[in-house]
2 protein chains.
Amino acid sequence: MSENTAMVIFQPSGRRGEVPKNVTVIEASRLLGVDIEALCGEKKVCGKCVVRIEDGHFEKFNVTSSMSHVTPWQEEEDKFINAERKAKGFRLGCVTKVLGDLLVFVPEESRAGKQVVSKAARDIHIEHNPAVRLYYVQVDPPTFHDPLGDFERVCKGLERDHGLSNLTADIFTLRTLPTALRDGKWAVTVSVWNEKEIIRVRPGKVEHTYGVAIDVGTTTVAAYFCDLTTSKVFDTVSMMNPQCKYGEDVMARITYHMTSPDGLQRMSNDIIEGVNELIEQAIQNTFPPKKKKKKKKGEEGPDEFVEVPEEGKTYLRLTRDDIEDVTIGFNTAMHHIFLNLNPEFVGMAPFPPVLHHSLDIKARDLGIKINASSYLFVLPIEAGFVGADNVGVLIAEEPYKYEENQLIIDIGTNGELVLGNRHKMISSSCATGPALEGAQITFGMRAAPGAIERIDIDPATKDVNYKVIGRDAWRKYSEPKEMQAKGICGSGILDLLAELFRAGIIMRSGVFNRKVMEGHKRFRINPDNRQPEFVLAWAEESSINKDIVVTQKDIRQIQLAKGALYAGCKLMMRRMGLEKVERVKIAGAFGTHVDRTKALVMGLFPDCEIEKILSVGNAAGDGCRAALLNIRKRAEANWCSRNVEYVELTVEPNFQQEFMESMQVPHMKDEFPHLKGVVADEILNQK
Amino acid sequence: MSENTAMVIFQPSGRRGEVPKNVTVIEASRLLGVDIEALCGEKKVCGKCVVRIEDGHFEKFNVTSSMSHVTPWQEEEDKFINAERKAKGFRLGCVTKVLGDLLVFVPEESRAGKQVVSKAARDIHIEHNPAVRLYYVQVDPPTFHDPLGDFERVCKGLERDHGLSNLTADIFTLRTLPTALRDGKWAVTVSVWNEKEIIRVRPGKVEHTYGVAIDVGTTTVAAYFCDLTTSKVFDTVSMMNPQCKYGEDVMARITYHMTSPDGLQRMSNDIIEGVNELIEQAIQNTFPPKKKKKKKKGEEGPDEFVEVPEEGKTYLRLTRDDIEDVTIGFNTAMHHIFLNLNPEFVGMAPFPPVLHHSLDIKARDLGIKINASSYLFVLPIEAGFVGADNVGVLIAEEPYKYEENQLIIDIGTNGELVLGNRHKMISSSCATGPALEGAQITFGMRAAPGAIERIDIDPATKDVNYKVIGRDAWRKYSEPKEMQAKGICGSGILDLLAELFRAGIIMRSGVFNRKVMEGHKRFRINPDNRQPEFVLAWAEESSINKDIVVTQKDIRQIQLAKGALYAGCKLMMRRMGLEKVERVKIAGAFGTHVDRTKALVMGLFPDCEIEKILSVGNAAGDGCRAALLNIRKRAEANWCSRNVEYVELTVEPNFQQEFMESMQVPHMKDEFPHLKGVVADEILNQK
């Protein structure tokens, strides 16, 4: 590294590179192609470009980042960053200059071109039977002849009016009891958890209580806020997993724990803080937006704000205490890290987790800021690499209730597979890696405006037609400069392999077909790295003034990912003695974007009738929500976690060979009868 | 108050008065008769005279105390007081000068002439059946064919080897599990609470686990540390209740809560901190004492210490984590304040508590620093003024198992009474006040060296023979200057009324018998307050160079206390339809000191055969210990708390009249046949 440059890494995007010292963080972000919001054009007045300078050594990037690697605090920053956030390393990107190596975290709210998170709650049927229910009770005030204690008095009333017996209450609830009873003139509404424990007491009659189902992915965290009285979702909030700065996949984070003495604690704190931020955001959303009050001429003093409710909209005006129940699911590594459980052994063969069973944990024991006595229901996990998220998928999809053999694929950064029917279910995991989500691909990027999300290649001309996020018109119907393409996101990558193959640009092996492509204007050898590459979008169509290309190495990455998945499916079918699967369900953001035909063409999973390939959206999140709204689903989840047999694929005989073969694009004749007619025979059967 | 003096109050003794400004705290303590340890003679080198300057306004004393009312921190203090204690207001008494009003807390360790706390554990039979038991288990390490999670693996082993099923573990225990299992090479000892929850996991085979039973009195806190494996008490530690500074009786503390916004929180924090200190002290006691290592000639650097074990003594060398169970009992107000439950309504008719039932609270939820997942068992309470301490007395004495009617009296600052047998039990409370413990008496003091603890008065000469704590020889067998008397403690006060009466110095009404005493050298009218007084010890026999006297007002205070108790007993007997009680048990430090005959003479409780009057020591503490060592006693405690009927005496008809009459010394003929022969008839029947 030269004396005049510094290594700067932006998270969660992972973009990194050397920048000249003394540039501002905003300038550095431009140089590295990261979008940070800066409405005022760096006039230091909008306060939108808030970033966080991380402190510590980050093994993954081999970089030591420190607050002392930037210029000192400026007075202008006081206006936008309070003391608490200042202490956490928050700075304004437009005034802070780079003096040394940095890891810069760009918070969700500072990101220009916010990610398109498709984690909306699906409209699935969930029986209404929540763990937390409200009961109204009126009691007589105590007298000398009946000096019974407040708690026993309320319990007596609850047994008389609602048949609830043997209730308990923890010390935090008991502390609020005497005042609530007297404020309510001896009439209160109590929240009862699981018909066992009083977790809240409010004076008078109250009709609603609320909860949240949280789905923590390796990359994204989504939270579904529900009215437990009506089962309705009143808000969905999501964010990037703040742990991304420690590594993009679970193994990287486990490694971070093993190499940094306080690594586990830091990662745990960050995700807990993240969850608290999501809750805070949802709480804020229940109030009308505020506008600064105009000052009278000559009036001084601090700014005042007034609420500006949208017409016709009602606002719930909740507090954190109004959140009385939480369910949460994640993969096993995220589960362990969230709970501050040692994840080391989950990352080491034979991958035993610390525990499988679900947990009811007082939210306060984890630092989750909601009603003091409320519980967090942590979904159970199946195995080291098949986590609570997969259990969520199972209780949402219920394959164990059908005769038909279903294959359920949940692909995030890690691939999780379930196969079976009412008689037997097995599960497995495969290391798909993050390539299918855009990482490790030269022009890979998040699903944000400018990302190529769909691709069509003309087999005759090899010309590329594509669509970017944020623009409805395809390339074919646009002027080049209207496209403003920036890179390729996950869904575009899914189209890529199938289209390159279908157009005859690559062969079954994934290698560029030089016989065909030699001399084509879109095909070339990169002079810097001597690699063949294919141009998807020309510089003039891009917002970054560069050709957007796919390289031979990129194709190899995609093949490794799809190969891992396909090999996993095949080995599981063999284990179950199945020739074919009757239904394929694809869960995750992945599933909502995948073109079923193209997925079949690239050989992402075994052959199946195209109509029987279904996207089931964020089924893991749906499972968390089902557990939130229906307590019986919690028992069902525990049943799943112990009755779905986990199969470790890497120790199966033939694993290596199967994996190698699976990297190829499929051969119609032997295994994919349903491809017939979709791809021309001569292409499909080329050698 | 003059400009040149300041009001200084020392706690827990409560001694107070004006002192000249600019005297040191040690000088002020001498002026007010408080003993603070100062081994080095104020040369600022021993560090023994550490005191704490309290911050805030103390309603009870109408004084505002502040760190700014003393001279600034001196360099010498750094040697003895660390930053943490400095921040809490700790100072060296010998360097700190009084500049304004102060409330000074003298910690236990700084008190010269430490209090004689007679709260030793009695040798009562307790069945061994603790809530926390140890189980050793060996399991197979996980393999690809058996990748079961650590927790489920251990549970499976526990079910197989010990028949334990459906165990749970909280997140704190789970966090230690993977490391313990691997450190122990897949063999661990688990601590199981209540056959329900794993609360600790240690590698390898471990034989012992420990617990503590805590009895929190209004004035004194005693803790019994037990080996849960053998039931043996290995240490008893006690201290003054640090809440004394907020008021000496429960009503004063409830008032403090109602008049100070953070009063409850402060009192709760102080007692929690106190309990943590007791635990720390017991932990320290399990290590050998340390001695400073001699330095070699010319050697520099910090002092080193070496252990100096007593010969033949074994040391347990425990850590806080080795304390795995706690039981705790107190009166209702102390219960509420400890738990930070609003005590307001306990102090207001009809005195309903927040709850009666026992509680199992994670010690961490209260800030009690022991094994992270351990519980605190809080004994149940009967009523607003009959607390968990009384339940402790009941389960230790078990009157509900006998046919005979027993009267159990537990007198601390508040009197609690239980009467009945296996068919019916009633309980009550009476406001005895702190007079019987020495407070509100002119020369009352704690049970410390120099306190008069026994008194005999010659009926013929009215001469006084007495014994002081710290000296075996009575006055009669000593030179005057050998006595070094300072005041009268609780047990001396118990003798006083009976002896004054028996010697004919006072009449049945408690009034000095002027006909007899006029002209006696020990009897006089105090010129300052015009009150008659009787000299117990002459100035030359004292260490304070003053005559130690008992005044008419002192006698009235003692009568009020004894009257409240006697009236309570009588009203309860009437309620039960009893003419007499078959057995009287006296619990508390009070009971261990009382002379049964003298108690009968003064009419402390109704007539009973003298051999059937028994002292049962700190039965409340014994009850806590029983609950610690035998889990069945916990259920029994809950049964007691709901099946002993509480009687509110103040609303009984004739309460006032009964109380007035009870203040008199008893008349032999009508109610006290067992007094016959104990006191001369002519004295007993005087008008």
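The two copies meet through the same surface, because 100% of the interface residues of chain A are also interface residues in chain B; contact means heavy atoms within 4.5 Å. This is a predicted model, where local features need pLDDT of at least 70, side-chain atom pairs count only at pLDDT 80 or more, and totals for chains, interfaces and linings use all residues. Residues are numbered from 1 along each chain as its sequence is written, chains are lettered from A and ligands numbered from 1 in written order, and side-chain values use heavy atoms, without hydrogens and water.

**Fold and size**
- Chain A holds 20 helices and 31 strands (DSSP runs: H or I, at least four residues; E, at least two).
- Its radius of gyration is 28 Å, close to the 26 Å of the globule rule for 687 residues, so chain A is as compact as a globular protein of that length (C-alpha atoms; the rule is 2.2 Å times the number of residues to the power 0.38).
- The C-alpha atoms of chain A fill a box of roughly 100 × 75 × 50 Å along the principal axes.

**Burial**
- In chain A, 60% of the 687 residues are buried (under 20% relative accessible area, 1.4 Å probe, protein chains only).

Key: Buried < 20%, exposed > 50% of the residue type's maximum accessible area, 1.4 Å probe, protein only.
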